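Student: I am new to this structure and would like to go through it with you. Could we begin with the space inside and then turn to the backbone?

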Amino acid sequence: MQTNFLVVGSGIAGLTTALFLAERGEVVVATKKNLLESSSRFAQAGVAAVRNFERDSFDEHFADTLTAGAGANKKSAVKFLVENAPRMLDWLEREVGMKFRDEPTREAAHSHSRVWNTNDSTGETIEKALAKKVRAHPRIRILEKTELLDLILRGGICRGGWMRIGGKIAPIFAGKVVLATGGFGQLFAKSTNPEVSVGDGIAVAARAGAKLRELEFVQFHPTALVGEKTRLTLLSESLRGEGAVLRDSRGKRFVDELAPRDVVARAIFAEMKNKKDCPGRRAGVFLDFTRANAKFLANRFPLIWREVEKAGFNLAKDLIPIFPVAHYSCGGVEVNLRGETSVPSLLAVGEVARTGLHGANRLASNSLAEALVFGKSAAKNAEVVESKILKLRPPKFIFDKKEDREILGKIREILWTKVGIVRTRKGLAAAVDFLGKLEPKSHRARNATLVAQLLARSAKKRRKSLGTHFLAEEKNMI
């Protein structure tokens with residue numbers, strides 16, 4: 001199989017990129033499971049963009065992004081995002097058929113209400129609308145249940161990818177390859193990410209020699225609904241933006257609910273570490289929205305209302321137990337504003353890419369804006385190159401589900417305990433040592449191990465706290 005463009009991943013970044021690429025050439029979209037399985041589907045809040053210039057401005061969105069990112073952001077990327085995000089909302093409404101609510105909402109660390117949504121499942125709504133356009137496009141071919149195993153390189157140039165298509169291994173040759181594979185939240189014991197988010201794109205890019213940057217900046221979302229599964233339900237920041245508060249086990253507020261996510265997550269972590277329980281009251285930290293009307297909550301947050309109800313709680317009457325969990329990778333494969341990596345003909349968009357937009361901590365709802373803005377930019381700037389069929393000997397890949405489970409379990413435990421919300425130098429050194437001794441044979445386990453090793457090493461190298469990378473003294477840890 002050959003094509004002008006091979007897009008790997010089907011979240012909002014991948015689908016947006018594919019649609020704009022299809023204006024210029026033939027596109028193959030390869031996705032690990034089905035077309036709608038991605039982290040984008042679980043994005044609840046919306047898209048951050050300035051549309052009302054009487055109440056808000058590009059400068060303020062710019063400043064909020066830098067504040068949340070602890071000043072470590074790439075300013076050119078921030079400027080590009082805030083200026084182009086409104087145009088992408090217009091495109092979604094005009095060309096894709098989206099309809100956002102008339103008034104935006106406010107989220108943590110935003111100085112104004114500028115997050116545009118449809119309800120509390122905005123990511124899923126956008127993704128379904130984009131998927132419908134992609135399925136109908138005559139220049140786009142969709143390959144579901146198709147896994148990227150490795151990139152094909154010739155003379156240092158990316159020429160396509162080795163794919164596992166329905167159990168068979170075959171090459172897809174492409175003039176350009178676009179990684180839109182998402183993050184690696186599922187390498188942690190608790191995450192908001194879907195099962196597919198184990199860092200495949202990071203692994204293949206690393207083996208191809210692509211530059212990676214700032215993998216240590218992993219954002220933990222402060223408010224996930226406590227549960228036993230690896231993927232936990234996110235309780236959107238919009239809840240706090242519209243009045244919900246956080247309470248400790250004594251019923252007292254203990255943090256500014258609209259502070260940046262890294263600050264709130266650490267405050268919850270510290271509160272649970274130092275909890276002083278009252279008789280008859282559950283231990284932990286809780287989200288409290290009991291001041292709100294039940295009808296309002298059920299209409300405004302229908303998805304969250306149902307998920308909370310499934311867990312045995314009533315959002316309007318009960319204190320909802322929450323805990324911070326792995327949510328988003330701010331670093332990744334280093335790219336410029338055109339999505340170009342250090343490997344010729346290899347691009348990256350979305351969470352797998354490090355644009356520099358987020359700095360050391362992402363501002364709420366800038367992720368969907370980034371997926372749209374940088375997806376279009378990568379597509380519009382990608383040169384149309386004819387693919388070439390190469391004579392290649394297929395590499396050997398080993399697949400062993402048992403080993404995958406065993407290795408992933410070990411990785412999740414070590415990253416959660418040693419490379420999590422609060423880190424120590426001793427803990428990071430232990431993680432690097434432990435992960436360095438893992439030598440799996442199975443391909444998926446090798447990918448997960450490589451990404452975990454790169455993350456731990458990157459965190460160990462950063463000697464001072466910054467944003468989501470927070471170092472504590474060993475004596476202050478649990």
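This is a predicted model: local features need pLDDT of at least 70, side-chain atom pairs count only at pLDDT 80 or more; totals for chains, interfaces and linings use all residues.

Student: How many cavities of 30 Å³ or more does the count come to?

Tutor: A cavity is a set of points where a 1.4 Å probe fits but cannot get out. With the cut-off set at 30 Å³ or more, the count comes to 1 cavity.

Student: Which element supplies the largest share of the lining of the largest cavity?

Tutor: The lining consists of V218, F220, D262, A265, R266, I421 and T468, and by class it has 4 nonpolar, 1 polar and 2 charged residues. Both β10 (218-225) and α7 (261-273) supply at least two residues of this lining. The largest share, 3 residues, comes from α7.

Student: Is A109 buried or exposed?

Tutor: A109 lies in the loop between α3 and β4 (115-116), and its phi is positive, about 70°, although A109 is not a glycine. Most residues other than glycine have a negative phi. Buried means under 20% relative accessible area, so A109, at 18%, counts as buried.

Student: What is the relative accessible area of A70?

Tutor: A70 is found in the loop between α2 (58-68) and α3 (75-96), and A70 also has a positive phi, near 60°, in a residue other than glycine. Partly exposed covers values between the buried limit of under 20% and the exposed limit of over 50%. A70 is therefore partly exposed, with a relative accessible area of 38%.

Definitions and conventions
Residues are numbered from 1 along each chain as its sequence is written. Side-chain values use heavy atoms; hydrogens and water are left out. On a 1 Å grid over the protein atoms alone, a cavity is a set of points where a 1.4 Å probe fits but cannot get out, and a pocket is an open set with protein on both sides within 12 Å along at least five of seven lines; lining residues have an atom within 4 Å of a point. Grid points are joined across faces, edges and corners, and a volume is the space filled by probe spheres set on the points. Helices (H or I, at least four residues) and strands (E, at least two) are DSSP runs, numbered from the N terminus. Ala, Val, Leu, Ile, Met, Phe, Trp, Tyr, Cys and Pro count as nonpolar, Asp, Glu, Lys and Arg as charged, and the others, Gly among them, as polar. Buried means under 20% relative accessible area, exposed over 50%, partly exposed in between (1.4 Å probe, protein chains only).
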